[in-house]
Amino acid sequence: HDVCSRVPALSGRLLRAARLLHNGAEICEGASLGVSGVLEGACLQLVLDLHAGLELLAACRDGTAQLWDIDSGECLRILEGHSKEVYAAAFSPDAASIVTASADR
């Protein structure tokens with residue numbers, strides 16, 4: 001979480017809710033980026049669980065967004081529709097909707 005600690009807004013409860021991912025795998029706390037296999041120019045995802053929910057939403061390079069159950073690790077739903085990499089995916093404030101951003105639109 002060295003990268004997370006450099007972001008001023010990530011402290012206290014937010015830092016505990018932060019997860020750093022590379023190619024879908026979580027970078028373990030205390031591990032350096034180099035040891036984790038992250039090369040210069042690599043795309044990382046910072047995931048914040050602000051509502052302490054039970055689901056994680058991931059933006060994926062295969063053109064999908066995926067909804068995962070945090071406890072079981074099960075993929076609950078794959079959201080398709082983009083033809084290029086999805087760069088971002090987010091829940092609406094009430095968690096009733098999902099929005100995605102992609103290189104295609």
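Buried means under 20% relative accessible area, exposed means over 50%, and partly exposed lies in between, with a 1.4 Å probe and protein chains only. By that scale Val 99 counts as exposed, at 54% relative accessibility.

The model is predicted: local features need pLDDT of at least 70, side-chain atom pairs count only at pLDDT 80 or more, and totals for chains, interfaces and linings use all residues. Residues are numbered from 1 along each chain as its sequence is written, and side-chain values use heavy atoms, with hydrogens and water left out.

**The chain as a whole**

The chain has two helices and eight strands. Helices (H or I, at least four residues) and strands (E, at least two) are DSSP runs, numbered from the N terminus. Starting at the N terminus, the order of elements is α-α-β-β-β-β-β-β-β-β. Of the 105 residues in the chain, 22% are buried.

Contact means heavy atoms within 4.5 Å. Among contacts in the chain with a separation of 6 or more, 29% join residues 24 or more positions apart.

**The sheet S4-S5-S6**

Three strands form an open sheet in the order S4-S5-S6, with antiparallel pairing. S4 and S6 stand at the edges with a single partner strand each, so one side of each has no neighbour in the sheet. Neighbouring strands here are turned by 15 degrees against each other on average, direction ignored. For such angles, axes are lines fitted to C-alpha atoms, for helices over the stretch in contact, and angles run from 0 to 180 degrees between N-to-C directions.

Two strands pair if DSSP finds at least two bridges between them. S5 (residues 65-69) and S6 (residues 75-79) are antiparallel and share four bridges. Gln 66 has Ile 78 in S6 as its bridge partner. Leu 67 has Arg 77 in S6. In a regular strand, side chains alternate between the two faces of the sheet. The hairpin of S5 and S6 has five residues between the strands, and Gly 73 there takes a positive phi near 80 degrees.

**The hairpin of S7 and S8**

S7 and S8 also run antiparallel, joined by five bridges. Val 86 is bridged to Ser 102 in S8. Six residues lie between the strands of this hairpin, where Ala 95 has a positive phi near 65 degrees.

Val 99 lies in S8 (residues 98-102). Leaving out residues up to four places away in sequence, Val 99 touches Ala 88, Ala 89 and Ala 90. Val 99 and Ala 65 are 34 residues apart in sequence, and their C-alpha atoms are 9.4 Å apart in space.

**Cysteines and charges**

A disulfide is a covalent bond between the sulfur atoms of two cysteines. Here the test is a pair of cysteine sulfur atoms within 2.5 Å. A search of the whole structure finds zero disulfides. Cys 60 is in none, and the nearest cysteine sulfur, that of Cys 75, is 8.1 Å away. That gap is too far for a bond between Cys 75 and Cys 60.

The structure holds one salt bridge, defined as a side-chain nitrogen of Lys or Arg within 4 Å of a carboxyl oxygen of Asp or Glu. Glu 85 and Arg 61 form this salt bridge, at 3.7 Å from N to O. The pair links distant parts of the chain, 24 residues apart. Glu 85 sits in the loop between S6 and S7 (86-91), while Arg 61 sits in the loop between S4 (55-59) and S5.

**A loop residue**

Asn 23 is found in the loop between S1 (18-22) and S2 (25-26). Asn 23 and Ala 42 are 19 residues apart along the chain, and 9.1 Å separates their C-alpha atoms.

The table gives the exposure of several residues named above.

| Residue | Relative accessible area | Class |
|---|---|---|
| Cys 60 | 13% | buried |
| Glu 85 | 22% | partly exposed |
| Cys 75 | 26% | partly exposed |
| Arg 61 | 53% | exposed |
| Asn 23 | 58% | exposed |
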